[in-house]
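Subject: A structure for you to look at

Hi,

Here is the structure I promised to pass on. Have a look at it first, and then read my notes below.

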Amino acid sequence: MLPGELDLGPLLPEHPEELFVGIALFLIILAVMWKVVVPMFEKTYAERTAAIQGGIQRAEAAQAEAAAALEEYKAQLSSAREEASRIREEAKTQGAAIVADMRQQATEESSRLLANAKAQIEAERAAAVSSLRTEIGGLATTLAGRIVGESLDDDERARRTVDRFIADLETQSVEQA
C-alpha cells in the first residue's frame with residue numbers, strides 16, 4: 001500500500017470491473033426506484049393526504065351542522081319559553097276573570113237571597129201583625145164587653161173598636177219613639 005492511499009480493507013474490490021458493475025447496478029436500482037416505487041409512495045401519500053383533508057372537511061361540516069342545530073335548538077327553546085310565558089299570562093288573566101265573575105255571581109246571589117229573605121220576613125211580619133190584630137181584636141172586644149157590660153158581638157162594631165184601639169197604640173208607640 002502506498003503512503004497517502006486509503007485503506008478500504010475488505011471493501012476494496014479485487015477487480016475494478018466489480019466496481020463498475022456495482023455502480024451500474026446501483027444506478028439501475030435507483031432508476032427503477034425513481035420510476036416505479038417513488039410514484040407509488042407519492043400516490044399513496046397523496047391519497048392519505050386527501051383522505052385526511054376530506055375527513056377534516058367532513059368534521060368541520062359536521063361541526064358547523066351541529067352548531068346550526070344548536071342555534072336552532074336554542075331558538076326553539078326560546079320560542080317555547082316565550083310561549084309558556086304567554087300561556088301563563090293568559091291563564092292568570094283568565095283566572096282573574098273567572099274569580100271576578102264568581103265574585104259578581106256570589107254578590108248577585110247574596111243580593112237575591114237577601115231580597116228573598118227580606119220579602120219573606122216582611123210577609124211573615126205582615127202575617128204576624130194580621131194574626132195579632134185578630135187575636136188582640138178578639139181579646140179587646142171580650143175585654144171591652146166585660147168592662148162595658150154589653151156584648152160586642154156585632155162584627156162591624158167590633159172591627160171599628162179594634163181598629164181604633166190599634167191606631168191609638170201605634171200613635172202612642174210613635175210618640176214614645
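Let me start with one term: a residue is called buried when its relative accessible area is under 20%, exposed when that area is over 50%, and partly exposed in between. By that rule, buried residues make up 6% of the 177 residues in the protein chain. Please keep in mind that this is a predicted model.

**Overall shape**

The protein chain has 2 helices and 0 strands. Its radius of gyration is 64 Å, whereas a compact globule of 177 residues would have one near 16 Å. Along the principal axes, the C-alpha atoms fill a box of roughly 195 × 35 × 25 Å. The accessible surface comes to about 15,500 Å², and carbon and sulfur atoms account for 62% of it.

**A nonpolar patch**

Which residues make the nonpolar surface patch of about 540 Å²? They are V21, L25, I28, V32, V36 and M40. V21 belongs to helix 1, which covers residues 16-148. With a relative accessible area of 46%, V21 is partly exposed, so it passes the cut-off of over 30% that patch residues need.

**Charges and salt bridges**

The chain carries 19 positive and 30 negative side chains, and the centres of these two sets are 12 Å apart. Side chains of opposite charge can pair when their charged atoms come close. The structure holds 5 salt bridges, and here are some to find on your screen:

- E89 and K92 meet through their side chains at 4.0 Å, N to O. These two are 3 residues apart in helix 1, so about one helical turn separates them. E89 is partly exposed at 42% relative accessibility, while K92 is exposed at 56%.
- E109 and R112 form a salt bridge whose closest N and O atoms are 2.3 Å apart. Both residues lie in helix 1, 3 residues apart, about one turn of the helix. R112 is partly exposed at 40% relative accessibility, and E109 is partly exposed at 36%.
- E122 and R125 meet in a salt bridge at 3.5 Å, N to O. Because they are 3 residues apart in helix 1, they too are separated by about one helical turn. E122 has a relative accessible area of 45% and is partly exposed.

Finally, which residues are linked in a network of salt bridges? Look for E83, R86 and E90.

Enjoy exploring, and write back with any questions!

Best wishes

Technical notes: Residues numbered from 1 in each chain as written. Predicted model: local features only at pLDDT ≥ 70, side-chain atom pairs only at ≥ 80, totals over all residues. Heavy atoms only, no water. Patch = residues over 30% accessible without salt bridge, like charges linked within 9 Å, V, L, I, M, F, W, Y side chains within 5 Å. Areas by Shrake-Rupley, 256 points an atom, 1.4 Å probe, with all protein chains shown as cover. Helix = DSSP H or I, 4+ residues; strand = E, 2+ residues; numbered from the N terminus. Buried < 20%, exposed > 50% of the residue type's maximum accessible area, 1.4 Å probe, protein only. Rg over C-alpha atoms; globule rule 2.2 N^0.38 Å. Lys, Arg positive; Asp, Glu negative; His and termini not counted. Charge placed at Lys NZ, Arg CZ, Asp CG, Glu CD.
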